[in-house]
Amino acid sequence: MDKDVRLLTEPFAPGAFVGPFTDAHPGLGGVCTFVGEVRSGDGVEALELSHYAPLTLAGMDQLADAALERFELMGILILHRVGLMHPGEPIVCVSACARHRRAAIQAVDFAMDHLKSNAWFWKREKRADGWHWIEPRVEDHADLARWAE
Amino acid sequence: MKLVFLGKLADLAGASELELPAPLNWSGLLATLEPELGKAVRGDQVRIAVDGELLADKELLAAVDGTEIAFLPPVSGG
């Protein structure tokens, strides 16, 4: 089993990572990829994600291990942007490949719910009237509860 | 020793990092902070990490020269 977990400081093209990731797992039955982008149209001009280096990447790495342990995967890829982003730019990419589709689909759902609510990121948005810190969302915690054992 | 403020705590502190003379325990540290910042970091929602390890109880803080203390408000998610 194989994991590739990265924090990226510059804009990225998910396909440039997902292509090689998929190629590295011959014999797979399915690959599931989710890409999250900065939404446009909500009056948000820019988004800034800050992180704390000693915790953030280690936490993502543990999340990848948890997904590998929980689902029958051949590999998992987790990419997350930090820094300044604009609408239309990818923030996050999670890809999982497996012998059978359900494991891949569920692993991506699992990883995304954890990244959205539990990962060490702090987010602020720039709107017409300036920067605003984003508070945790109740829905994100409800999403996380789906995976409680 | 170094203090690192994440998220909106950096705005409150006026900087993302602050150097302080060591050694300091939790009450000694609070005494050096501006009242509003001190109140914020005392809150249950703010966790602290000492040299990259989460501290279960802030009262147990024992910072020496070279220690890095991070103040972590609730995460907003990725």
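These legends describe close-up views of a predicted model.

**View 1. Arg102(A) in its helix.**
Arg102(A) sits in helix α3 of chain A. The helix covers residues 101-118. Is Arg102(A) buried or exposed? Arg102(A) counts as exposed, because 12 C-beta neighbours lie inside 10 Å; the cut-off for exposed is 12 or fewer.

**View 2. Arg102(A) and Glu72(A).**
This pair is separated by 30 residues in sequence. In space, Arg102(A) and Glu72(A) are 9.1 Å apart, C-alpha to C-alpha.

**View 3. Where chain A meets chain B.**
On one side, 20 residues of chain A take part; on the other, 14 residues of chain B are in contact with them. Which elements of chain A each supply at least two residues to the side that touches chain B? They are α2 (53-70), β6 (90-98), α3 and β7 (121-127). By class, this side of chain A has 13 nonpolar residues. Another 3 are polar and 4 are charged.

**View 4. The build of chain B.**
Chain B has 3 helices and 7 strands. Along the sequence, their pattern reads β-α-β-β-α-α-β-β-β-β. Chain B is as compact as a globular protein of 78 residues, because its radius of gyration, 11 Å, is close to the 12 Å given by the globule rule. The C-alpha trace of chain B spans about 35 × 25 × 20 Å along its principal axes.

**View 5. Inside chain B.**
Of the 78 residues in chain B, 27% are buried. Consider the contacts in chain B between residues at least 6 apart in sequence: 59% of them join residues at least 24 apart.

Note on methods
Residues are numbered from 1 along each chain as its sequence is written. Chains are lettered from A and ligands numbered from 1 in the order in which they are written. This is a predicted model: local features need pLDDT of at least 70, side-chain atom pairs count only at pLDDT 80 or more; totals for chains, interfaces and linings use all residues. Helices (H or I, at least four residues) and strands (E, at least two) are DSSP runs, numbered from the N terminus. A residue is buried if 20 or more other C-beta atoms lie within 10 Å of its own, exposed if 12 or fewer, and partly exposed in between; C-beta atoms are placed from the backbone. Two residues are in contact if their C-beta atoms, placed from the backbone, lie within 7 Å. Ala, Val, Leu, Ile, Met, Phe, Trp, Tyr, Cys and Pro count as nonpolar, Asp, Glu, Lys and Arg as charged, and the others, Gly among them, as polar. The radius of gyration is taken over C-alpha atoms; the globule rule is 2.2 Å times the number of residues to the power 0.38.
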